[in-house]
Amino acid sequence: MQQRLSLDRAWRFRWIATDAVQTTDAAVYEWREVDLPHGAFTPDLDGLVHPCGICEYTRTIELPPGHEGSVALFVGAAMPTAEVLVAGRVVARHSGGYLP
(Lines give C-alpha, C1' and ligand atoms only; values in the text may rest on other atoms or scores of the structure.)
Protein backbone atom coordinates (compact mmCIF):
# COMPACT_ATOMS: atom_id res chain seq x y z
CA MET A 1 0.00 0.00 0.00
CA GLN A 2 1.34 3.42 -0.97
CA GLN A 3 1.38 6.10 1.71
CA ARG A 4 2.23 9.76 1.19
CA LEU A 5 3.69 12.01 3.84
CA SER A 6 3.94 15.77 3.44
CA LEU A 7 7.44 16.98 4.19
CA ASP A 8 6.74 20.70 3.71
CA ARG A 9 7.01 21.71 7.38
CA ALA A 10 9.82 22.02 9.92
CA TRP A 11 12.93 22.08 7.73
CA ARG A 12 16.14 23.64 8.99
CA PHE A 13 17.95 26.08 6.70
CA ARG A 14 21.30 27.87 6.79
CA TRP A 15 23.64 29.73 4.50
CA ILE A 16 27.01 28.04 4.07
CA ALA A 17 28.59 30.78 1.96
CA THR A 18 27.28 33.76 0.08
CA ASP A 19 28.71 36.66 -1.87
CA ALA A 20 25.52 38.64 -1.33
CA VAL A 21 25.84 38.99 2.43
CA GLN A 22 28.77 41.15 3.46
CA THR A 23 28.71 40.72 7.22
CA THR A 24 30.71 39.51 10.17
CA ASP A 25 27.42 38.61 11.95
CA ALA A 26 27.65 34.86 12.57
CA ALA A 27 23.84 34.72 13.00
CA VAL A 28 23.48 34.91 9.21
CA TYR A 29 24.95 31.41 9.00
CA GLU A 30 23.03 29.83 11.89
CA TRP A 31 20.34 27.18 11.40
CA ARG A 32 16.74 28.47 11.39
CA GLU A 33 13.44 26.70 10.86
CA VAL A 34 11.60 27.23 7.57
CA ASP A 35 8.64 25.70 5.77
CA LEU A 36 8.64 24.75 2.11
CA PRO A 37 8.36 26.18 -0.38
CA HIS A 38 11.15 28.48 0.76
CA GLY A 39 13.24 30.82 -1.34
CA ALA A 40 16.89 31.26 -0.48
CA PHE A 41 16.97 34.73 -1.98
CA THR A 42 18.64 38.01 -1.15
CA PRO A 43 16.94 41.38 -1.78
CA ASP A 44 18.88 43.68 -4.11
CA LEU A 45 18.90 47.43 -4.67
CA ASP A 46 16.73 46.96 -7.77
CA GLY A 47 13.85 45.82 -5.53
CA LEU A 48 14.06 42.27 -6.84
CA VAL A 49 15.37 39.18 -5.11
CA HIS A 50 18.18 37.03 -6.47
CA PRO A 51 19.44 33.60 -5.45
CA CYS A 52 22.95 33.92 -4.10
CA GLY A 53 25.47 31.64 -2.51
CA ILE A 54 25.36 28.13 -1.14
CA CYS A 55 22.77 27.04 1.37
CA GLU A 56 21.71 23.86 3.09
CA TYR A 57 18.38 22.36 4.18
CA THR A 58 18.00 19.43 6.55
CA ARG A 59 15.10 17.48 8.00
CA THR A 60 14.68 14.25 9.91
CA ILE A 61 12.13 11.86 8.44
CA GLU A 62 10.73 9.09 10.61
CA LEU A 63 9.11 6.15 8.86
CA PRO A 64 5.79 4.89 10.24
CA PRO A 65 6.07 2.00 12.72
CA GLY A 66 6.20 -1.35 11.00
CA HIS A 67 7.24 0.12 7.63
CA GLU A 68 8.84 -2.39 5.29
CA GLY A 69 10.13 -2.04 1.75
CA SER A 70 11.42 0.87 -0.27
CA VAL A 71 10.84 4.58 0.15
CA ALA A 72 10.55 7.15 -2.66
CA LEU A 73 11.36 10.79 -1.99
CA PHE A 74 9.88 13.35 -4.40
CA VAL A 75 11.55 16.77 -4.44
CA GLY A 76 9.15 19.13 -6.19
CA ALA A 77 11.63 21.89 -6.96
CA ALA A 78 15.34 22.50 -6.47
CA MET A 79 17.13 25.50 -7.91
CA PRO A 80 19.67 25.58 -9.50
CA THR A 81 21.81 22.73 -8.15
CA ALA A 82 20.98 20.23 -5.43
CA GLU A 83 22.35 17.15 -3.74
CA VAL A 84 20.06 14.86 -1.74
CA LEU A 85 21.69 12.99 1.12
CA VAL A 86 20.17 10.17 3.14
CA ALA A 87 22.04 9.15 6.29
CA GLY A 88 25.01 11.23 5.10
CA ARG A 89 25.26 9.55 1.67
CA VAL A 90 24.52 11.35 -1.62
CA VAL A 91 21.62 9.48 -3.24
CA ALA A 92 20.73 12.00 -5.97
CA ARG A 93 22.04 15.13 -7.73
CA HIS A 94 20.19 17.71 -9.81
CA SER A 95 21.39 20.64 -11.92
CA GLY A 96 19.46 23.05 -14.07
CA GLY A 97 16.67 24.58 -12.01
CA TYR A 98 12.97 23.92 -12.41
CA LEU A 99 9.89 25.32 -14.09
CA PRO A 100 7.02 26.12 -11.71
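This is a predicted model: local features need pLDDT of at least 70, side-chain atom pairs count only at pLDDT 80 or more; totals for chains, interfaces and linings use all residues.
Q: OK, which residues make up the largest nonpolar core?
A: Six residues: L7, W11, F13, W15, V34 and A40. A nonpolar core here is a set of buried Ala, Val, Leu, Ile, Met, Phe, Trp, Tyr and Cys residues joined through side-chain atoms within 4.5 Å. Buried means under 20% relative accessible area, exposed over 50%, and partly exposed in between (1.4 Å probe, protein chains only).

Q: Where does the largest share of this core come from?
A: Strand 1, residues 11–17, which gives three residues. Strands are DSSP runs of E with at least two residues, numbered from the N terminus.

Q: What does F13 touch?
A: Leaving out residues up to four places away in sequence, F13 touches E30, W31, R32, V34, H38, A40, C55, E56 and Y57. Contact means heavy atoms within 4.5 Å.

Q: And is F13 buried or exposed?
A: F13 counts as buried, because its relative accessibility is 2%. W15 is buried too, at 7%.

Q: Switching to rings: how many aromatic pairs are there?
A: Two. Rings of Phe, Tyr and Trp (its six-membered ring) pair if their centres lie within 6.5 Å; planes under 30 degrees apart count as stacked, over 60 as edge-to-face and the rest as tilted. F13 and W15 have ring centres 5.7 Å apart and planes at 80°, so that pair is edge-to-face.

Q: What about the rings of F13 and Y57?
A: Their centres are 5.0 Å apart with the planes at 55°, so this one is tilted. It links distant parts of the chain, with F13 in strand 1 and Y57 in strand 5, 44 residues apart. Y57 is partly exposed at 30%. Ring pairs link F13, W15 and Y57 into a cluster.

Q: New topic. How many salt bridges does the count come to?
A: Two, where a salt bridge is a side-chain nitrogen of Lys or Arg within 4 Å of a carboxyl oxygen of Asp or Glu. R14 and E56 form one of them, at 2.8 Å from N to O. That pair links R14 in strand 1 to E56 in strand 5, 42 residues apart.

Q: What does E83 pair with?
A: R93, with the closest N and O atoms 2.9 Å apart. E83 sits in strand 6 and R93 in strand 7 (residues 89–95), so the bridge ties together parts that are 10 residues apart in sequence.

Q: How exposed is R93?
A: R93 is exposed, at 63% relative accessible area, while E83 is partly exposed at 46%.

Q: Last one: which residues make the nonpolar surface patch?
A: I61, L63, V71, L73 and V75, with about 440 Å² in all. Such a patch takes residues with over 30% relative accessible area and no salt bridge, with nonpolar side chains (Val, Leu, Ile, Met, Phe, Trp, Tyr) joined within 5 Å; areas come from the Shrake-Rupley method with a 1.4 Å probe.

Q: Where is L73 found?
A: In the loop between strand 5 (54–58) and strand 6 (81–86). L73 counts as partly exposed because its relative accessibility is 48%.

Methods
Residues are numbered from 1 along each chain as its sequence is written. Side-chain values use heavy atoms; hydrogens and water are left out. Helices (H or I, at least four residues) and strands (E, at least two) are DSSP runs, numbered from the N terminus. Patches are made of residues with over 30% relative accessible area and no salt bridge: like charges are joined within 9 Å, nonpolar side chains (Val, Leu, Ile, Met, Phe, Trp, Tyr) within 5 Å.
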